[in-house]
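Visitor: I'd like a close look at a single part of this protein. Could you pick one spot and walk me through it, with its surroundings?

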Amino acid sequence: MKQNLSTLLVLATALTATAQTKKPAKAPVKTVQSYTVADKNVTVYTTAEKSDYRISKTETLTFVDNKQPFETEPCIFVDPTVKYQTLVGIGGALTDASAETFAKLSKKNQQELLTAYYSKDKGIGYSLARTNIASCDFSSGSYTYVQDNDKDLKSFSVAHDEQFKIPLIKQATAAAGGKLTLYVSPWSPPAWMKDNNSLLQGGHLLPEYRQSWANHYVKFIKTYEAMGMPIWGLSVQNEPMAKQKWESCIYTAEEERDFIKNFLGPTLQKSGLASKKLIAWDHNRDQIFQRASTILNDKDAAKYVWGIGYHWYETWTGSGMQFGNVRQTHEAYPDKALIFTEGCKEKYDVNKLDDWTLGERYGYSMINDFNAGTAAWTDWNILLDEKGGPNHVGNFCFAPVHADTKNDKIVYTNAYYYMGHFSKFIRPGAKRVGTASSRDMLQATSFLNTDGKLVVVVMNQSDEKLKYSLWIKGKAATTTSLPHSIATLVVE
(Lines give C-alpha, C1' and ligand atoms only; values in the text may rest on other atoms or scores of the structure.)
Protein backbone atom coordinates (compact mmCIF):
# COMPACT_ATOMS: atom_id res chain seq x y z
CA MET A 1 0.00 0.00 0.00
CA LYS A 2 1.39 3.39 -0.90
CA GLN A 3 1.95 5.69 2.05
CA ASN A 4 3.25 8.89 0.43
CA LEU A 5 0.30 11.21 0.82
CA SER A 6 1.38 13.79 -1.73
CA THR A 7 1.68 11.09 -4.38
CA LEU A 8 -1.58 9.44 -3.46
CA LEU A 9 -3.72 12.56 -3.41
CA VAL A 10 -2.04 14.83 -5.96
CA LEU A 11 -4.78 14.29 -8.52
CA ALA A 12 -7.70 14.71 -6.11
CA THR A 13 -9.48 18.07 -5.85
CA ALA A 14 -11.51 19.43 -2.97
CA LEU A 15 -15.22 19.98 -3.25
CA THR A 16 -16.71 21.34 -1.12
CA ALA A 17 -34.40 24.05 14.52
CA THR A 18 -34.86 21.54 16.53
CA ALA A 19 -38.59 20.77 16.96
CA GLN A 20 -39.87 20.52 20.52
CA THR A 21 -42.34 17.67 20.07
CA LYS A 22 -42.71 14.49 18.11
CA LYS A 23 -44.27 15.01 14.70
CA PRO A 24 -45.41 12.67 11.94
CA ALA A 25 -42.61 11.40 9.70
CA LYS A 26 -41.78 13.76 6.90
CA ALA A 27 -41.54 12.75 3.28
CA PRO A 28 -38.34 13.74 1.48
CA VAL A 29 -38.43 17.28 0.20
CA LYS A 30 -39.22 17.43 -3.51
CA THR A 31 -37.91 20.76 -4.68
CA VAL A 32 -39.39 22.70 -7.55
CA GLN A 33 -35.95 23.28 -8.99
CA SER A 34 -35.02 21.36 -12.09
CA TYR A 35 -31.67 19.64 -12.51
CA THR A 36 -29.93 18.99 -15.78
CA VAL A 37 -26.71 17.20 -16.67
CA ALA A 38 -26.72 18.29 -20.29
CA ASP A 39 -23.45 20.23 -20.08
CA LYS A 40 -21.90 18.38 -17.16
CA ASN A 41 -19.07 15.88 -16.93
CA VAL A 42 -18.38 13.27 -14.26
CA THR A 43 -14.94 13.01 -12.65
CA VAL A 44 -14.29 9.62 -11.06
CA TYR A 45 -11.98 9.08 -8.09
CA THR A 46 -11.21 5.47 -7.16
CA THR A 47 -9.69 3.40 -4.37
CA ALA A 48 -9.40 -0.30 -5.21
CA GLU A 49 -7.80 -3.42 -3.82
CA LYS A 50 -4.88 -4.91 -5.78
CA SER A 51 -4.18 -1.55 -7.41
CA ASP A 52 -2.34 1.70 -6.77
CA TYR A 53 -5.61 3.65 -6.76
CA ARG A 54 -6.03 5.65 -3.56
CA ILE A 55 -8.58 8.42 -4.09
CA SER A 56 -7.02 8.60 -7.56
CA LYS A 57 -8.58 10.43 -10.47
CA THR A 58 -9.24 7.53 -12.83
CA GLU A 59 -11.48 8.88 -15.60
CA THR A 60 -13.83 11.58 -16.82
CA LEU A 61 -17.27 10.56 -18.07
CA THR A 62 -19.82 12.27 -20.26
CA PHE A 63 -23.59 11.84 -20.31
CA VAL A 64 -25.52 10.41 -23.24
CA ASP A 65 -29.26 10.01 -23.76
CA ASN A 66 -30.81 6.97 -22.12
CA LYS A 67 -34.47 7.70 -21.46
CA GLN A 68 -35.33 4.34 -19.92
CA PRO A 69 -32.69 1.72 -19.05
CA PHE A 70 -33.52 -1.96 -19.41
CA GLU A 71 -33.30 -4.32 -16.46
CA THR A 72 -30.14 -5.74 -18.01
CA GLU A 73 -28.38 -2.39 -17.60
CA PRO A 74 -27.03 -1.96 -14.05
CA CYS A 75 -27.65 1.61 -12.90
CA ILE A 76 -27.25 3.98 -10.01
CA PHE A 77 -30.35 6.17 -10.28
CA VAL A 78 -30.00 9.66 -8.80
CA ASP A 79 -32.62 12.38 -8.52
CA PRO A 80 -30.98 15.57 -7.16
CA THR A 81 -34.39 17.25 -6.75
CA VAL A 82 -35.39 14.82 -3.99
CA LYS A 83 -33.64 16.02 -0.85
CA TYR A 84 -33.23 14.58 2.61
CA GLN A 85 -31.03 15.52 5.59
CA THR A 86 -28.33 18.18 5.66
CA LEU A 87 -24.77 17.06 6.42
CA VAL A 88 -23.21 18.49 9.59
CA GLY A 89 -19.78 17.00 8.99
CA ILE A 90 -17.51 13.97 8.84
CA GLY A 91 -14.45 13.41 11.02
CA GLY A 92 -12.79 11.53 13.86
CA ALA A 93 -12.04 11.65 17.58
CA LEU A 94 -9.15 13.61 19.07
CA THR A 95 -8.54 11.40 22.09
CA ASP A 96 -5.72 11.30 24.64
CA ALA A 97 -4.32 8.28 22.78
CA SER A 98 -4.30 10.10 19.44
CA ALA A 99 -2.73 13.18 21.03
CA GLU A 100 -0.03 11.24 22.89
CA THR A 101 0.87 9.29 19.76
CA PHE A 102 0.89 12.49 17.69
CA ALA A 103 3.33 14.10 20.14
CA LYS A 104 5.84 11.28 19.55
CA LEU A 105 6.06 12.00 15.81
CA SER A 106 8.59 14.35 14.24
CA LYS A 107 7.35 17.84 13.36
CA LYS A 108 7.47 16.84 9.69
CA ASN A 109 5.22 13.83 10.22
CA GLN A 110 2.92 15.78 12.53
CA GLN A 111 2.36 18.27 9.74
CA GLU A 112 1.83 15.48 7.22
CA LEU A 113 -0.84 13.92 9.43
CA LEU A 114 -2.64 17.22 9.99
CA THR A 115 -2.62 17.90 6.26
CA ALA A 116 -3.75 14.35 5.50
CA TYR A 117 -6.81 14.64 7.70
CA TYR A 118 -7.82 18.28 7.68
CA SER A 119 -6.75 19.92 4.42
CA LYS A 120 -9.58 20.08 1.87
CA ASP A 121 -7.10 20.34 -0.99
CA LYS A 122 -4.22 18.03 -0.06
CA GLY A 123 -6.03 15.77 2.40
CA ILE A 124 -9.50 14.41 3.08
CA GLY A 125 -10.99 17.52 4.67
CA TYR A 126 -12.28 16.37 8.05
CA SER A 127 -14.76 18.92 9.43
CA LEU A 128 -15.97 17.20 12.61
CA ALA A 129 -14.28 16.06 15.82
CA ARG A 130 -15.14 14.46 19.15
CA THR A 131 -13.09 14.45 22.33
CA ASN A 132 -13.37 12.87 25.76
CA ILE A 133 -14.34 14.72 28.96
CA ALA A 134 -11.76 13.36 31.46
CA SER A 135 -10.28 9.91 30.89
CA CYS A 136 -11.50 7.07 28.69
CA ASP A 137 -10.01 3.70 27.77
CA PHE A 138 -7.89 5.46 25.13
CA SER A 139 -5.96 7.39 27.77
CA SER A 140 -2.66 6.30 29.28
CA GLY A 141 -4.29 6.28 32.70
CA SER A 142 -7.43 7.31 34.55
CA TYR A 143 -7.81 10.96 35.58
CA THR A 144 -10.44 13.51 36.57
CA TYR A 145 -10.64 17.30 36.62
CA VAL A 146 -11.72 17.73 40.25
CA GLN A 147 -10.47 16.64 43.65
CA ASP A 148 -12.37 14.05 45.67
CA ASN A 149 -15.62 15.21 47.26
CA ASP A 150 -15.40 18.67 45.69
CA LYS A 151 -19.13 18.95 45.11
CA ASP A 152 -18.86 22.65 44.21
CA LEU A 153 -16.11 21.93 41.61
CA LYS A 154 -13.85 24.62 43.05
CA SER A 155 -10.77 22.55 42.17
CA PHE A 156 -11.85 22.05 38.52
CA SER A 157 -8.87 22.15 36.15
CA VAL A 158 -8.07 20.76 32.71
CA ALA A 159 -4.32 21.05 33.27
CA HIS A 160 -4.00 17.36 32.37
CA ASP A 161 -5.20 18.08 28.83
CA GLU A 162 -2.71 20.89 28.24
CA GLN A 163 0.18 18.51 27.66
CA PHE A 164 -1.16 16.60 24.64
CA LYS A 165 -4.87 16.83 23.86
CA ILE A 166 -5.44 20.57 23.78
CA PRO A 167 -2.42 21.24 21.53
CA LEU A 168 -3.69 18.60 19.07
CA ILE A 169 -7.22 20.04 19.05
CA LYS A 170 -5.84 23.50 18.34
CA GLN A 171 -3.51 22.29 15.58
CA ALA A 172 -6.25 20.22 13.96
CA THR A 173 -8.58 23.24 14.02
CA ALA A 174 -5.93 25.41 12.38
CA ALA A 175 -5.27 22.73 9.75
CA ALA A 176 -9.00 22.61 9.00
CA GLY A 177 -8.93 26.31 8.15
CA GLY A 178 -9.72 27.65 11.61
CA LYS A 179 -13.10 25.96 12.05
CA LEU A 180 -13.66 22.44 13.34
CA THR A 181 -17.06 21.32 14.65
CA LEU A 182 -16.14 19.82 18.04
CA TYR A 183 -18.34 17.91 20.47
CA VAL A 184 -17.48 16.31 23.80
CA SER A 185 -18.45 13.14 25.68
CA PRO A 186 -17.87 11.88 29.24
CA TRP A 187 -17.00 8.26 29.96
CA SER A 188 -17.57 8.52 33.72
CA PRO A 189 -18.28 11.02 36.47
CA PRO A 190 -15.62 11.16 39.20
CA ALA A 191 -15.61 7.96 41.28
CA TRP A 192 -16.96 9.66 44.42
CA MET A 193 -20.09 10.72 42.52
CA LYS A 194 -20.96 7.07 41.75
CA ASP A 195 -22.53 4.24 43.71
CA ASN A 196 -19.60 1.89 43.02
CA ASN A 197 -16.99 4.52 43.97
CA SER A 198 -15.01 3.73 40.82
CA LEU A 199 -14.43 5.32 37.43
CA LEU A 200 -14.53 1.82 35.98
CA GLN A 201 -17.01 -1.07 35.82
CA GLY A 202 -20.18 0.90 35.20
CA GLY A 203 -21.90 2.03 38.33
CA HIS A 204 -24.56 4.75 38.55
CA LEU A 205 -24.46 8.46 39.23
CA LEU A 206 -25.63 9.01 42.81
CA PRO A 207 -28.80 11.14 43.05
CA GLU A 208 -27.17 13.67 45.37
CA TYR A 209 -24.55 14.50 42.74
CA ARG A 210 -26.78 14.95 39.70
CA GLN A 211 -26.66 18.74 39.87
CA SER A 212 -22.94 18.78 40.55
CA TRP A 213 -22.36 16.49 37.56
CA ALA A 214 -24.54 18.71 35.34
CA ASN A 215 -22.45 21.68 36.46
CA HIS A 216 -19.33 19.73 35.48
CA TYR A 217 -20.33 19.73 31.78
CA VAL A 218 -20.74 23.50 31.95
CA LYS A 219 -17.35 23.93 33.63
CA PHE A 220 -15.66 21.82 30.98
CA ILE A 221 -17.29 23.56 28.02
CA LYS A 222 -16.70 27.07 29.33
CA THR A 223 -13.09 26.25 30.24
CA TYR A 224 -12.30 24.86 26.79
CA GLU A 225 -14.03 27.77 25.09
CA ALA A 226 -12.08 30.27 27.20
CA MET A 227 -8.93 28.52 25.96
CA GLY A 228 -9.94 29.07 22.32
CA MET A 229 -11.73 25.82 21.49
CA PRO A 230 -15.40 26.38 20.59
CA ILE A 231 -17.67 23.48 21.58
CA TRP A 232 -20.52 22.68 19.20
CA GLY A 233 -22.20 19.96 21.22
CA LEU A 234 -22.03 17.29 23.89
CA SER A 235 -23.38 13.84 24.57
CA VAL A 236 -24.85 12.87 27.92
CA GLN A 237 -22.80 9.69 28.41
CA ASN A 238 -20.62 7.46 26.29
CA GLU A 239 -22.18 3.99 26.04
CA PRO A 240 -24.65 4.31 28.93
CA MET A 241 -25.62 0.61 28.87
CA ALA A 242 -22.09 -0.83 28.96
CA LYS A 243 -20.39 -1.98 32.16
CA GLN A 244 -16.79 -1.81 31.00
CA LYS A 245 -13.43 -2.57 32.59
CA TRP A 246 -12.59 1.00 31.65
CA GLU A 247 -14.35 4.30 32.45
CA SER A 248 -18.12 3.77 32.23
CA CYS A 249 -21.40 4.73 33.85
CA ILE A 250 -24.83 3.16 33.49
CA TYR A 251 -28.00 5.10 32.73
CA THR A 252 -31.23 3.31 31.94
CA ALA A 253 -33.38 5.07 29.36
CA GLU A 254 -35.54 6.51 32.14
CA GLU A 255 -32.49 7.65 34.11
CA GLU A 256 -31.00 9.41 31.11
CA ARG A 257 -34.38 10.99 30.30
CA ASP A 258 -34.78 12.32 33.83
CA PHE A 259 -31.18 13.54 34.08
CA ILE A 260 -31.65 15.50 30.85
CA LYS A 261 -35.07 16.83 31.86
CA ASN A 262 -34.34 17.78 35.45
CA PHE A 263 -30.63 18.56 35.53
CA LEU A 264 -28.49 18.72 32.41
CA GLY A 265 -30.96 20.47 30.09
CA PRO A 266 -31.99 23.21 32.52
CA THR A 267 -28.38 23.69 33.66
CA LEU A 268 -27.16 24.23 30.11
CA GLN A 269 -29.94 26.75 29.56
CA LYS A 270 -29.31 28.67 32.78
CA SER A 271 -25.59 28.76 32.02
CA GLY A 272 -26.00 30.36 28.61
CA LEU A 273 -25.25 27.11 26.77
CA ALA A 274 -28.71 26.41 25.36
CA SER A 275 -27.31 26.54 21.80
CA LYS A 276 -25.04 23.55 22.39
CA LYS A 277 -26.28 20.43 20.59
CA LEU A 278 -27.24 17.88 23.22
CA ILE A 279 -26.88 14.26 22.06
CA ALA A 280 -28.63 11.39 23.83
CA TRP A 281 -27.81 7.65 23.80
CA ASP A 282 -24.29 7.61 22.25
CA HIS A 283 -24.32 3.80 22.17
CA ASN A 284 -25.10 1.02 19.69
CA ARG A 285 -27.76 0.71 17.01
CA ASP A 286 -29.41 -2.28 18.69
CA GLN A 287 -31.21 -0.23 21.35
CA ILE A 288 -31.31 3.15 19.60
CA PHE A 289 -35.08 3.13 19.00
CA GLN A 290 -35.95 2.11 22.56
CA ARG A 291 -33.71 4.84 23.97
CA ALA A 292 -34.94 7.49 21.54
CA SER A 293 -38.61 6.71 22.14
CA THR A 294 -38.24 6.78 25.92
CA ILE A 295 -36.52 10.17 25.89
CA LEU A 296 -38.20 11.89 22.96
CA ASN A 297 -41.75 10.87 23.88
CA ASP A 298 -41.29 13.03 26.96
CA LYS A 299 -41.71 16.59 25.73
CA ASP A 300 -39.98 18.03 28.79
CA ALA A 301 -36.85 16.02 28.03
CA ALA A 302 -37.13 16.17 24.23
CA LYS A 303 -37.04 19.97 24.15
CA TYR A 304 -33.41 19.90 25.27
CA VAL A 305 -32.25 17.16 22.86
CA TRP A 306 -30.76 18.00 19.45
CA GLY A 307 -30.25 14.43 18.34
CA ILE A 308 -29.49 10.78 18.99
CA GLY A 309 -25.93 9.47 18.78
CA TYR A 310 -24.96 5.89 18.08
CA HIS A 311 -22.04 3.46 17.59
CA TRP A 312 -21.59 0.36 15.43
CA TYR A 313 -20.51 -2.19 18.07
CA GLU A 314 -23.82 -4.09 18.15
CA THR A 315 -21.86 -6.60 16.09
CA TRP A 316 -20.19 -7.90 19.30
CA THR A 317 -23.42 -9.81 20.00
CA GLY A 318 -23.17 -11.63 16.67
CA SER A 319 -25.62 -9.27 15.01
CA GLY A 320 -25.03 -7.51 11.75
CA MET A 321 -25.14 -3.71 11.55
CA GLN A 322 -28.75 -2.77 12.30
CA PHE A 323 -29.38 0.13 9.93
CA GLY A 324 -33.12 -0.52 10.05
CA ASN A 325 -33.19 0.64 13.68
CA VAL A 326 -31.50 3.89 12.66
CA ARG A 327 -33.97 4.45 9.84
CA GLN A 328 -36.96 3.72 12.07
CA THR A 329 -35.69 6.20 14.66
CA HIS A 330 -35.31 8.83 11.95
CA GLU A 331 -38.79 8.17 10.62
CA ALA A 332 -40.34 8.32 14.10
CA TYR A 333 -38.52 11.52 15.10
CA PRO A 334 -37.68 13.34 11.85
CA ASP A 335 -37.06 16.65 13.60
CA LYS A 336 -34.24 15.23 15.69
CA ALA A 337 -30.84 14.65 14.12
CA LEU A 338 -28.93 11.37 13.99
CA ILE A 339 -25.17 11.37 14.52
CA PHE A 340 -22.80 8.42 14.29
CA THR A 341 -20.50 9.13 17.23
CA GLU A 342 -18.01 6.24 17.25
CA GLY A 343 -16.78 3.20 15.38
CA CYS A 344 -13.51 1.32 14.95
CA LYS A 345 -12.22 -2.17 14.23
CA GLU A 346 -11.43 -3.83 17.53
CA LYS A 347 -8.69 -6.33 18.51
CA TYR A 348 -5.66 -4.74 16.91
CA ASP A 349 -3.33 -7.02 14.97
CA VAL A 350 -0.29 -5.46 13.31
CA ASN A 351 -0.40 -8.18 10.65
CA LYS A 352 -3.81 -6.97 9.49
CA LEU A 353 -2.99 -3.35 8.71
CA ASP A 354 -3.37 -4.18 5.02
CA ASP A 355 -6.64 -6.06 5.49
CA TRP A 356 -9.03 -4.65 2.89
CA THR A 357 -12.10 -5.29 5.04
CA LEU A 358 -10.99 -2.47 7.36
CA GLY A 359 -12.02 0.15 4.84
CA GLU A 360 -14.99 -1.79 3.52
CA ARG A 361 -16.53 -1.79 6.98
CA TYR A 362 -16.34 2.01 6.99
CA GLY A 363 -17.75 2.36 3.50
CA TYR A 364 -20.60 -0.06 4.17
CA SER A 365 -21.53 1.68 7.40
CA MET A 366 -21.28 5.22 6.07
CA ILE A 367 -23.40 4.59 2.97
CA ASN A 368 -26.12 2.82 4.92
CA ASP A 369 -26.04 5.24 7.86
CA PHE A 370 -26.40 8.23 5.57
CA ASN A 371 -29.18 6.52 3.63
CA ALA A 372 -30.98 5.91 6.95
CA GLY A 373 -30.99 9.64 7.71
CA THR A 374 -27.72 10.24 9.59
CA ALA A 375 -26.51 13.85 9.51
CA ALA A 376 -22.98 13.49 10.88
CA TRP A 377 -20.43 10.67 11.03
CA THR A 378 -17.50 10.42 13.45
CA ASP A 379 -14.73 7.84 13.43
CA TRP A 380 -13.03 6.89 16.70
CA ASN A 381 -9.29 7.65 17.22
CA ILE A 382 -7.73 9.52 14.28
CA LEU A 383 -4.33 8.04 15.16
CA LEU A 384 -2.99 5.17 17.27
CA ASP A 385 0.48 3.75 17.81
CA GLU A 386 2.09 0.56 16.59
CA LYS A 387 0.33 -1.43 19.34
CA GLY A 388 -3.16 -0.02 18.70
CA GLY A 389 -2.95 2.25 21.74
CA PRO A 390 -2.07 3.72 24.13
CA ASN A 391 -4.93 2.23 26.12
CA HIS A 392 -4.74 1.80 29.89
CA VAL A 393 -6.83 -1.39 29.98
CA GLY A 394 -5.36 -3.19 26.97
CA ASN A 395 -8.36 -2.57 24.71
CA PHE A 396 -6.19 -2.11 21.61
CA CYS A 397 -7.91 -1.23 18.34
CA PHE A 398 -7.34 -0.16 14.75
CA ALA A 399 -7.41 3.44 13.52
CA PRO A 400 -7.38 4.64 9.90
CA VAL A 401 -3.80 5.82 10.50
CA HIS A 402 -1.16 4.26 12.73
CA ALA A 403 2.19 5.65 13.81
CA ASP A 404 5.32 3.57 14.17
CA THR A 405 6.65 5.74 16.97
CA LYS A 406 9.91 3.82 17.23
CA ASN A 407 10.84 4.56 13.63
CA ASP A 408 8.87 7.79 13.14
CA LYS A 409 6.68 6.46 10.35
CA ILE A 410 3.03 6.88 9.42
CA VAL A 411 0.97 3.99 8.06
CA TYR A 412 -2.27 4.79 6.22
CA THR A 413 -4.71 1.89 6.20
CA ASN A 414 -7.34 1.71 3.47
CA ALA A 415 -9.92 2.89 6.04
CA TYR A 416 -8.38 6.36 5.73
CA TYR A 417 -9.06 6.38 1.98
CA TYR A 418 -12.55 4.91 2.32
CA MET A 419 -13.50 7.68 4.74
CA GLY A 420 -11.89 10.20 2.43
CA HIS A 421 -14.22 9.24 -0.40
CA PHE A 422 -16.95 10.85 1.69
CA SER A 423 -15.28 13.57 3.77
CA LYS A 424 -13.20 15.09 0.97
CA PHE A 425 -16.03 15.52 -1.49
CA ILE A 426 -19.23 15.78 0.59
CA ARG A 427 -18.98 19.03 2.51
CA PRO A 428 -20.91 20.43 5.48
CA GLY A 429 -24.23 21.84 4.35
CA ALA A 430 -24.66 19.27 1.57
CA LYS A 431 -28.09 17.70 1.14
CA ARG A 432 -28.48 13.96 0.67
CA VAL A 433 -30.47 13.32 -2.50
CA GLY A 434 -32.50 10.47 -3.93
CA THR A 435 -30.32 7.48 -4.88
CA ALA A 436 -31.16 3.88 -5.78
CA SER A 437 -28.98 1.07 -7.08
CA SER A 438 -30.38 -1.60 -9.38
CA ARG A 439 -27.77 -4.13 -8.17
CA ASP A 440 -27.20 -5.15 -4.58
CA MET A 441 -23.47 -5.52 -5.16
CA LEU A 442 -23.30 -1.74 -5.71
CA GLN A 443 -23.98 0.26 -2.55
CA ALA A 444 -24.49 3.99 -3.17
CA THR A 445 -25.37 7.32 -1.61
CA SER A 446 -25.42 10.85 -3.07
CA PHE A 447 -25.20 14.41 -1.81
CA LEU A 448 -25.64 17.81 -3.45
CA ASN A 449 -23.10 20.31 -2.14
CA THR A 450 -23.92 23.94 -1.55
CA ASP A 451 -21.74 24.87 -4.55
CA GLY A 452 -23.97 22.79 -6.84
CA LYS A 453 -21.59 19.86 -7.28
CA LEU A 454 -23.29 16.50 -7.08
CA VAL A 455 -21.30 13.75 -5.34
CA VAL A 456 -22.16 10.06 -5.75
CA VAL A 457 -20.28 7.40 -3.76
CA VAL A 458 -20.42 3.83 -5.07
CA MET A 459 -18.92 0.82 -3.28
CA ASN A 460 -18.39 -2.70 -4.58
CA GLN A 461 -17.56 -5.32 -1.93
CA SER A 462 -17.72 -8.22 -4.37
CA ASP A 463 -15.02 -10.08 -6.27
CA GLU A 464 -16.64 -9.07 -9.57
CA LYS A 465 -16.04 -6.21 -11.97
CA LEU A 466 -19.33 -4.58 -12.92
CA LYS A 467 -20.15 -2.12 -15.68
CA TYR A 468 -22.89 0.32 -14.67
CA SER A 469 -24.35 3.70 -15.51
CA LEU A 470 -24.93 6.78 -13.40
CA TRP A 471 -28.44 7.70 -14.56
CA ILE A 472 -29.88 11.18 -13.99
CA LYS A 473 -32.97 12.64 -15.67
CA GLY A 474 -32.86 10.56 -18.83
CA LYS A 475 -29.11 10.69 -19.32
CA ALA A 476 -26.46 8.16 -18.37
CA ALA A 477 -22.69 8.16 -17.86
CA THR A 478 -21.19 4.68 -17.97
CA THR A 479 -18.20 3.36 -16.03
CA THR A 480 -16.93 0.14 -14.44
CA SER A 481 -16.79 -0.68 -10.74
CA LEU A 482 -13.65 -2.64 -9.87
CA PRO A 483 -13.75 -5.56 -7.41
CA HIS A 484 -13.44 -4.43 -3.79
CA SER A 485 -13.47 -0.76 -4.66
CA ILE A 486 -15.04 2.51 -3.69
CA ALA A 487 -15.49 5.37 -6.14
CA THR A 488 -16.61 8.96 -5.82
CA LEU A 489 -18.28 10.40 -8.91
CA VAL A 490 -18.36 14.20 -8.99
CA VAL A 491 -20.85 15.72 -11.38
CA GLU A 492 -20.11 19.34 -12.36
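**A closer look at Thr-95**

Guide: Let's start with the record: the unreviewed UniProt entry carries the annotation "domain: Glycosyl hydrolase family 30 TIM-barrel" for residues 89-426 (positions are in the numbering used here, feature names are shortened, and annotations may be inferred rather than shown by experiment). This is a predicted model, where local features need pLDDT of at least 70, side-chain atom pairs count only at pLDDT 80 or more, and totals for chains, interfaces and linings use all residues. Residues are numbered from 1 along each chain as its sequence is written, and side-chain values use heavy atoms, leaving out hydrogens and water.

The end C-alpha atoms of residues 89-426 sit 8 Å apart, and the span is 34% helix and 16% strand (DSSP runs numbered from the N terminus: H or I of at least four residues for helices, E of at least two for strands).

Now zoom in on Thr-95, in the loop between strand S6 (89-93) and helix H2 (96-103). Thr-95 has a relative accessible area of 1%, so it counts as buried (under 20%; exposed is over 50%, partly exposed in between, with a 1.4 Å probe and protein chains only). Its side chain makes a polar contact of 2.6 Å with that of Asn-381 (a pair of N or O atoms within 3.5 Å; within protein, one must be able to donate a hydrogen and the other to accept it, and residues adjacent in sequence count only if both atoms are side-chain atoms).

Stepping back, buried residues make up 60% of the 492 in the protein. There are eleven helices and 21 strands in the protein.
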